[in-house]
Amino acid sequence: MNLVLGYVISLLLYPGGLFALIAGWLLFWLREALAARRRGEPVSRLFQPAQDVFKLLGKSAGFPAHSETLARGMPLLLALSPLVALVLIPVPGNSAFRTSAPTGDLLAVVLLLLLPALTPFVLGQLIRSPLARIAAERATRPTFLLIGGVLLSTLAVAAQRGSLDLSVLALQQAHPTAASVLLDALAGLLFCICLPALLARRPWGWFRRDLELIAGPFTDLAGADLALVQLGALAQQVAALSLLAVLYILPFVPGGTAAQVGAYIATLLLGAALVGLARGSRYSFAR
């Protein structure tokens with residue numbers, strides 16, 4: 001397959017683009033439905049997120065003149081970063097990894113997945129809103145803990161397998177030692193602990209009749225800019241769960257392509273369900 005065509009298919013269709021949005025939409029509804037049931041709240045309709053996005057795309061929004069260009073670039077960056085990350089993750093059937101020159105650097109993928117966590121700091125400075133600055137300051141410590149946990153989890157596996165190339169890290173571990181299995185299990189557990197912080201919380205009035213305002217760095221976002229952030233949140237959970245599957249689970253799944261695809265789908269569903277149950281707890285840090 002042509003190199004450029006492989007990357008285009010990966011970005012626009014699978015595992016990015018169309019697949020990421022549809023799968024992200026279903027996974028988001030699943031985890032929020034489980035969280036709502038755990039809190040004793042009514043479960044919202046399946047098509048509510050799509051209706052919210054289309055409603056927002058038809059609205060316009062403005063920013064102060066001094067920050068309009070950069071502030072408008074942030075939602076676009078949030079929408080594109082998980083799609084690019086998915087292109088670099090060797091999930092089963094990824095066309096980019098059928099080409100002659102597969103590239104999937106682990107550090108690049110981790111950076112793309114961490115960009116949403118860094119966004120409040122940037123928006124807090126650009127919008128110049130007191131609420132945005134307060135939210136950015138409060139997010140400082142949790143964000144750095146998240147970055148440290150994700151880096152420690154992923155780099156531990158990379159050091160154990162001797163590579164930063166995801167195409168190498170995703171190879172099946174034929175005869176793993178007990179020490180390597182234990183290290184992978186601990187690293188995967190740490191990644192799962194960080195997973196709720198990598199995924200968007202119940203954002204900006206989704207599954208509500210009206211879009212609500214929140215006090216924080218995203219308060220001034222509206223219209224198409226807010227729709228881009230929401231679309232990025234859908235793709236973000238697919239990218240984060242895909243990295244979890246490729247790095248910690250699929251290398252230990254025996255069998256052919258069918259087994260790999262089944263394990264990948266199961267990881268997406270179970271990951272979304274676990275995050276939903278964690279956020280449904282009244283005392284959970286992940287809410």
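This report describes the helices of a predicted model, one crossing between two of them, and a salt bridge.

## Overall architecture

The protein chain contains 11 helices and zero strands.

Of the 287 residues in the protein chain, 48% are buried.

## Helix α2

Helix α2 covers residues 17-39. It has 23 residues, and the distance from its first C-alpha to its last is 32 Å, close to the 33 Å expected at 1.5 Å a residue. Just after α2, G40 takes a positive phi of about 80°.

The buried residues of α2 include the glycines G17 and G24, the aromatic residues W25 and F28, and the charged residues R31 and E32. A20, A23, L27, A33, A35 and A36 are also among the buried residues of this helix.

## Helix α10

Helix α10 covers residues 223-249. Its 27 residues reach 39 Å from the first C-alpha to the last, close to the 39 Å expected at 1.5 Å a residue. Helix α10 is mostly covered, with 23 of its 27 residues buried.

## The crossing of α2 and α10

The axes of α2 and α10 come within 8 Å and cross at roughly 90°. Because of this angle, α2 counts as roughly perpendicular to α10.

On the α2 side, the contact is made by F19, A20, L21, A23, G24, W25, L27, F28 and R31. On the α10 side, the residues are L231, L234, A235, Q237, V238 and L241. By class, the contact has 12 nonpolar, two polar and one charged residues. Several of the α2 residues in this contact are also buried, including A20, W25, F28 and R31.

## The salt bridge

The structure holds one salt bridge. It is formed by D184 and R161, whose closest N and O atoms are 3.2 Å apart. D184 lies in helix α9 (residues 178-198) and R161 in helix α7 (residues 140-161), so the pair links distant parts of the chain, 23 residues apart.

Side chains of opposite charge can pair when their charged atoms come close. Both partners fall under the 20% limit for a buried residue. D184 is buried because its relative accessible area is 4%, and R161 is buried because its relative accessible area is 14%.

Note on methods: Residues numbered from 1 in each chain as written. Predicted model: local features only at pLDDT ≥ 70, side-chain atom pairs only at ≥ 80, totals over all residues. Heavy atoms only, no water. Salt bridge = Lys/Arg side-chain N within 4 Å of Asp/Glu carboxyl O. Helix = DSSP H or I, 4+ residues; strand = E, 2+ residues; numbered from the N terminus. Buried < 20%, exposed > 50% of the residue type's maximum accessible area, 1.4 Å probe, protein only. Axes fitted to C-alpha atoms, helices over the stretch in contact; angles between N-to-C directions. Parallel < 35°, antiparallel > 145°, perpendicular 65-115°, else oblique. Contact = heavy atoms within 4.5 Å. Nonpolar A, V, L, I, M, F, W, Y, C, P; charged D, E, K, R; others polar. Expected span 1.5 Å × (residues − 1).
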